[in-house]
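User: I would like to learn how to read salt bridges and helix packing from a model. Can you take me through a case?
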Amino acid sequence: MSNTQARLPKPVTSEHIALKARKVSFAWEETPLHWIPGDPFTTHTINVLHLLLPAGERWFVHVYKQVLPYIEDDGLRADVIGFIGQEAMHAQAHDEVLPHLKEQGLDPAPYLAQVDWLFEKLLGDRMLPPGRARKWWLYERVALIAAIEHYTAFLGDWVLNADSLDRKGADPTMLDLLRWHGAEEVEHRSVAFELFLHVDGSYSRRVRTWATAFSALVFLWQRGARFFMANDPTLEDGRASWREFLAKGRQGMLPTAGAMARSIPRYLDRGYHPSQEGSTEQAVAYLASSPAALAAEARGSESPLPKGAA
């Protein structure tokens with residue numbers, strides 16, 4: 001266990017909750033291509049989630065199954081197993097949107113190939129000798145996941161409060177997918193960071209992996225939005241621009257650049273803990289009213305743990 005434990009930031013204990021994976025399902029037949037009416041740019045900027053998340057969250061699960069033997073705290077181990085179950089379900093739910101996009105004339109395969117290469121090759125397992133080198137690469141990826149989860153929780157909190165999407169008439173099924181997922185990201189927002197602290201906790205590693213994660217997310221997101229806009233069959237000259245992104249942020253349709261910028265020093269603060277952000281109470285309240293989550297509960301459906309997670 002890391003010798004940084006005495007200096008760990010303090011979590012908000014009331015924010016802790018036992019995690020479970022809800023085996024949700026969504027029907028996409030009635031969801032239009034531009035599920036935010038008259039706003040293809042915001043639609044496609046958010047649609048990038050369907051391309052990034054499945055590969056990323058399968059990678060999370062793969063890495064966490066490798067780190068389970070290094071967890072010495074039973075409570076944290078239970079949290080990590082719950083996290084694994086939720087992330088596996090997130091990947092499946094977003095994967096199921098992709099055939100619907102393809103039916104509407106948007107084939108994501110070229111972009112998906114790049115995302116898969118990133119997670120499976122660049123960030124995948126390496127032929128390293130057992131011992132220090134292999135453990136270093138494992139802990140490096142644990143820290144990367146903690147940094148990424150800072151932003152998935154940020155986005156989850158944003159979408160739970162994005163009333164502008166409702167006022168604009170966004171498709172209710174897509175909103176439920178995004179808010180169900182966002183609520184679970186808020187619900188489990190502390191797990192990845194606490195696991196990082198448990199196995200390593202190096203501040204220099206936190207800073208380094210944050211820089212890598214943030215740069216990669218910005219690059220991949222803008223590339224995905226441009227891909228969608230350029231390949232939308234209903235647009236003659238579809239383009240994505242930073243100017244429009246900033247404008248949509250001011251309208252409440254997307255997170256603002258200012259809010260994203262302010263999230264950076266919070267994560268890099270030595271006293272940072274994810275439980276200090278967002279609201280578990282709000283997340284749980286949404287999950288108690290989500291049509292998909294309620295349907296899963298009525299079916300008695302909890303997602304089984306991925307093989308090897310127990």
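This is a predicted model: local features need pLDDT of at least 70, side-chain atom pairs count only at pLDDT 80 or more; totals for chains, interfaces and linings use all residues.

User: How many salt bridges does the structure hold?

Analyst: The count is eleven. Take the pair D39 and K248 to begin with. Their side chains meet in a salt bridge at 3.2 Å, N to O.

User: Where do D39 and K248 lie in the chain?

Analyst: D39 lies in the segment before α1 (40-67), and K248 sits in helix α10 (residues 242-250).

User: Are D39 and K248 buried or exposed?

Analyst: Both D39 and K248 are buried. The cut-off for that word is under 20% relative accessible area.

User: Which residue does D200 meet in a salt bridge?

Analyst: D200 pairs with R205, again at 3.2 Å, N to O. Now apply the burial cut-off. D200 has a relative accessible area of 17%, so it counts as buried. R205 has 6%, so R205 is buried too.

User: What about E277 and R266?

Analyst: Their side chains form a salt bridge at 3.1 Å, N to O. E277 is in the loop between α11 (257-268) and α12 (280-287), while R266 is in helix α11. The pair therefore ties together parts that are eleven residues apart in sequence.

User: How accessible are E277 and R266?

Analyst: E277 is at 19% relative accessibility, so it counts as buried. R266 has a relative accessible area of 33%, which means partly exposed.

User: Next, helix packing. At what angle do α1 and α4 pack?

Analyst: Read the angle together with the axis distance. α1 and helix α4 (residues 109-122) pack at about 25°, and their axes are 9 Å apart. Angles under 35 degrees count as roughly parallel. α1 and α4 are therefore roughly parallel to each other. The crossing of α1 and α4 is right-handed.

User: Which residues of α1 and α4 meet?

Analyst: From α1 come V48, L51, L52, A55, G56 and W59. They meet Y111, L112, V115, D116 and F119 in α4.

User: How does the contact of α1 with α4 divide by class?

Analyst: Sort the residues by type. The contact has nine nonpolar residues, one polar and one charged.

Notes: Residues are numbered from 1 along each chain as its sequence is written. Side-chain values use heavy atoms; hydrogens and water are left out. A salt bridge is a side-chain nitrogen of Lys or Arg within 4 Å of a carboxyl oxygen of Asp or Glu. Helices (H or I, at least four residues) and strands (E, at least two) are DSSP runs, numbered from the N terminus. Buried means under 20% relative accessible area, exposed over 50%, partly exposed in between (1.4 Å probe, protein chains only). Axes are lines fitted to C-alpha atoms, for helices over the stretch in contact, and angles run from 0 to 180 degrees between N-to-C directions. Angles under 35 degrees count as roughly parallel, over 145 as roughly antiparallel, 65 to 115 as roughly perpendicular and the rest as oblique. A crossing is left-handed if the near helix is turned anticlockwise from the far one by less than a right angle, and right-handed if clockwise. Contact means heavy atoms within 4.5 Å. Ala, Val, Leu, Ile, Met, Phe, Trp, Tyr, Cys and Pro count as nonpolar, Asp, Glu, Lys and Arg as charged, and the others, Gly among them, as polar.
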